[in-house]
Amino acid sequence: QQSDGDRDLQEHRQRIQALSEETAQSLKRNVYQNYRQFIETAREISYLESEMYQLSHILTEQKGIMEAVTQALLLQADRDDPALGARRAAAADPFLPLSAKDAAANEEGRQRTLTTLLEKVEGCRDLLPESPGKYLVYNGDLVEYDADHMAQIQRVHAFLMNDCLLVATALPNRRGAYRYDALYPLDGLAVVNVKDNPPMKDMFKLLMFPESRIFQAENAKIKKEWLEVLEETKRNRALSEKRRLEQEALPRPAPTPPESTNPFDEDEDEEEEDEPSAEEEVVDLSLEWIQELPEDLDVCIAQRDFEGAVDLLDKLNEYLADKPVSQPVKELRAKVDERVRQLTDVLVFELSPDRSLRGGPRATRRAVSQLIRLGQSTKACELFLKNRAAAVQTAIRQLRIEGATLLYIHKLCHVFFTSLLETAREFETDFAGNNGCYSAFVVWARSSMRMFVDAFSKQVFDSKESLSTAAECVKVAKEHCKQLSEIGLDLTFIIHALLVKDIKGALQSYKDIIIEATKHRNSEEMWRKMNLMTPEALGKLREEMRSCGVGNFDQYTGDDCWVNLSYTVVAFTKQTMAFLEEALKLYFPELHMVLLESLVEIILVAVQHVDYSLRCEQDPEKKAFIRQNASFLYETVLPVVEKRFEEGVGKPAKQLQDLRNASRLMRVNPESTTSVV
């Protein structure tokens, strides 16, 4: 029975395995079929998208052809029947594109079209008042693109009048209604054709200070019409303005006086005829370059041709230098002055700290030189220095704070003083003929130095670096500051004035550390000779004492590796001389008394300790050893300190001399445990 059961179980397992394999194969077939169906569907969708794209392209071309045919038929009909053309212009929708020839319709149709425009565009009635001479020339839909990224912004409708261009945006959910966006006078508008660069095509650019806008027409034909109509309208506007100026420039005949019965009037008339005429000389403003001057200035400003704009202004000033100031000249001057203000604003923006600070001081030379030519030297100087201050501050902020303070200070000094030197040289080049600006540069240099010292002190003194590190950092800053002497600018005194507080605090802090360490060693003093154990250690100590200025140290060494001095006195000597050497690196006259008083306080700690030990010690051998240490301190260490201080400062220190002399003549009260020095 058991064998039959095992056999049945085995058969049952085989049937289950067969069913599992069959199920897996079925699933694989279903997945494969679904995948093939998905691929076929994707191919069909891609094919349909391609067909739809080709169909839309064909429809666009056919639409352009139909519009061209319709336009040609309408023009032909207008030529055959002018009255019919006038009625069509009056009754037509004002928002359908109009050709350049439709601008010649009768005055009644123009005024009706302009009135309809004012009704359809919200927000333009107050900005665009009705006037007898204003009429609509051309209009149509355009797509605006971002000038930097060439991304589509919005759809607009542009209306070209005989003296201005109105740009309006479509109102949502209101067909045929628009909202006012911008209004540009044709006098300050420049049109630039944008070369086709697929997929960006059929575009043109409008330049007007201080901005530029890029628009895309529906097709190449409409783009061409826009360019032609804009140029023709600007040309007509310039010609009409020229004719107006010519008429105003013509001399007006004087009114005929009434006949007089006075017999003496004839004699007076003869005398008046002999006098020179008081009528002003007529200034010829009909020259082509003068008529086109405002528009040329607009183009130069829009294309950032600052030199060309200033050259045009210089040419006009030279032409009008010896001419009388008549009314037409005043009007021309008013137009030109407006362009001068625009040019000045652009140059000011070029020098603003918000602009890119790359390129160094030379990058500002172009804008600075043009401002100087425009008579704006003071403003050019102020903006140049502000620009360079922002550049220096940005360079300092971008410095990485390294783990090693001295490495960071090297980088900081290199960046700051190199920028300061380049700025000074560029300033001397740009403002060579403006001596009054140099005082502004000195003030700016002091302000920049304060910014540098703030960053310097924060890294060196606020972080509680050692006195040796602080001395090295200050030494590096002084060496870099000396580079400015190449151009006759010495700012070392400014560094001293700004750092005196921090250095004074560092000296006093390190003085307190030495005093505390000396007192701690004094409290553990056993007055024993030093055993250095090895000749190498003794040789190292000799070298250290020699570097401290103690040349006769060999007389204090004994047999083998013994030194006939106390560890406390030797440690005090090394620490005091190290403090003096580092302090002399930081020295300048304002710190003279601070350094001198710190040295006196440190020395007094050792002197008082020796004095107290001499009076308190009863052992004759130890007392003799203390006297030997006192002799080393008074006759060797103090003279070395005094000599080194005089070498570093340049003059002797009377306080140190008095301290040494008073220490030799100690008055000791045997009954007292305090010393009198």
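**Helix packing and salt bridges**

In α14, the residues L467, S468, A471, E472 and K478 meet F579, E582 and K585 of α17, where contact means heavy atoms within 4.5 Å. These contact residues split into three nonpolar, one polar and four charged. The model is predicted, so local features need pLDDT of at least 70 and side-chain atom pairs count only at pLDDT 80 or more, while totals for chains, interfaces and linings use all residues. Residues are numbered from 1 along each chain as its sequence is written, and side-chain values use heavy atoms, with hydrogens and water left out.

How do the two helices sit? The axes of α14 (residues 467–481) and α17 (residues 567–585) come within 8 Å and cross at roughly 25 degrees. The pair therefore counts as roughly parallel (angles under 35 degrees).

Next come the salt bridges (a side-chain nitrogen of Lys or Arg within 4 Å of a carboxyl oxygen of Asp or Glu). A search of the whole structure turns up 20 of them. In one, R366 pairs with E307, with the closest N and O atoms 2.9 Å apart. R366 belongs to helix α10 and E307 to helix α8, so this bridge ties together parts that are 59 residues apart in sequence. R366 is partly exposed, at 34% relative accessible area (buried is under 20%, exposed over 50%, partly exposed in between, with a 1.4 Å probe and protein chains only).

Another bridge joins R615 to D611, the closest N and O atoms being 3.5 Å apart. Both R615 and D611 are buried. Finally, E144, D181 and R213 are linked in a network of salt bridges.

Technical notes: Axes fitted to C-alpha atoms, helices over the stretch in contact; angles between N-to-C directions. Helix = DSSP H or I, 4+ residues; strand = E, 2+ residues; numbered from the N terminus. Parallel < 35°, antiparallel > 145°, perpendicular 65-115°, else oblique. Nonpolar A, V, L, I, M, F, W, Y, C, P; charged D, E, K, R; others polar.
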